[in-house]
Amino acid sequence: MTVNGNAFTNPATTADLYRDDTRLATRTSALHQAKTCGRPVAQVIADLALEHLGAPADATVADVGCGRGTSSRVLIERLQPRALLLVDASAAMLAAARTRVEPAWPAAARTAVAYLRADFHALPLPEASCDLVVAAFCLYHAPDPRPVIAELGRTLTPGGTAILVTKSADSYHALDQLLAATGLDPRAAERPSLYASAHSGNLPDLVAPIIPLIRVEHEQHEFVFAGLDHVAAYLATNPKYCLPPPLAGHPDAIAAALRRHTPERPVTAVSTIAYVVATRGQSA
């Protein structure tokens, strides 16, 4: 894959990345199989929501940048809110989310569910209409996340809560080092992080001037890729790397190339997840 700048903040690139849910599903599967340490993110989001929502059953909840609906499904199951709004810029992601959320409806039949295709810079939601807004693993798609955070804040009711989740800029850096050391992508370790615009280190500072912070949590997640086939399954989904055309997007070819340069072995990588909780003032 040939990358020009940050693939996660280039609208043309992101449109291609989320044209269907195949890449994200494969990436998520590879990471879940490798994960050895760290709480399930969707469950942590639901725990935080239950802690900070006064009456979940009466709440209107928006899951912005909902992706494949992982958090959305847990929110509908755990909160059973009055309304759940799934928002994403990708029609394919919304379609995938629908297939994950609809089976949860028997457990939350009272919840009104809506699927909204929209850019998170201009949400199709009225002022002060949401008691809870979740934005998990999406803010780093904005070159400057502050207008997006302001838009999330605009939709919150007075006293409403935003739960924003991202990962560290150095996430999976061990894989960058592996590609650089093997020569498959010599500049992999030097290239800017995909999460550069909104990462664990800067997100609290981005949020605080816009929506008052009430809580920040950091948790390190560890991933042990069982072997080079497992590593390659993940690398094939990562748009950060500049791999030769015969390798790009082809996990079998990537694994074979890795084996020519390094012994078969497990590879350990880490990522620090940040949970930022902020509440709009009662007088807003």
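Residues are numbered from 1 along each chain as its sequence is written. Because the model is predicted, local features need pLDDT of at least 70 and side-chain atom pairs count only at pLDDT 80 or more, while totals for chains, interfaces and linings use all residues, and side-chain values use heavy atoms, with hydrogens and water left out.

Let me start with the pair. The axes of helix 3, residues 41-52, and helix 4, residues 70-79, come within 9 Å and cross at roughly 40°, which makes helix 3 oblique to helix 4; here roughly parallel is under 35 degrees, roughly antiparallel over 145, roughly perpendicular 65 to 115, and oblique is the rest. Where the two helices meet, helix 3 contributes A42, Q43, I45, A46, D47, A49 and L50, and helix 4 contributes T70, S71, V74, L75, R78 and L79, contact being heavy atoms within 4.5 Å. Of the residues in this contact, 8 are nonpolar, 3 polar and 2 charged.

Now to helix 5, residues 91-101, whose buried residues (under 20% relative accessible area, with exposed over 50% and partly exposed in between, for a 1.4 Å probe and protein chains only) are M93, L94, A96, A97 and V101. Seen down the axis of helix 5, these fall within an arc of 160°, so they line one face of the helix, and they pack against helix 2, helix 4, strand 3 and strand 4.

Finally, A128 sits in the loop between strand 4 and strand 5 and, at 30% relative accessibility, counts as partly exposed. Leaving aside residues up to four places away in sequence, A128 touches R154, T155, L156, T157, P158 and R280.

Technical notes
Axes fitted to C-alpha atoms, helices over the stretch in contact; angles between N-to-C directions. Helix = DSSP H or I, 4+ residues; strand = E, 2+ residues; numbered from the N terminus. Nonpolar A, V, L, I, M, F, W, Y, C, P; charged D, E, K, R; others polar. Arc of directions from axis to C-beta.
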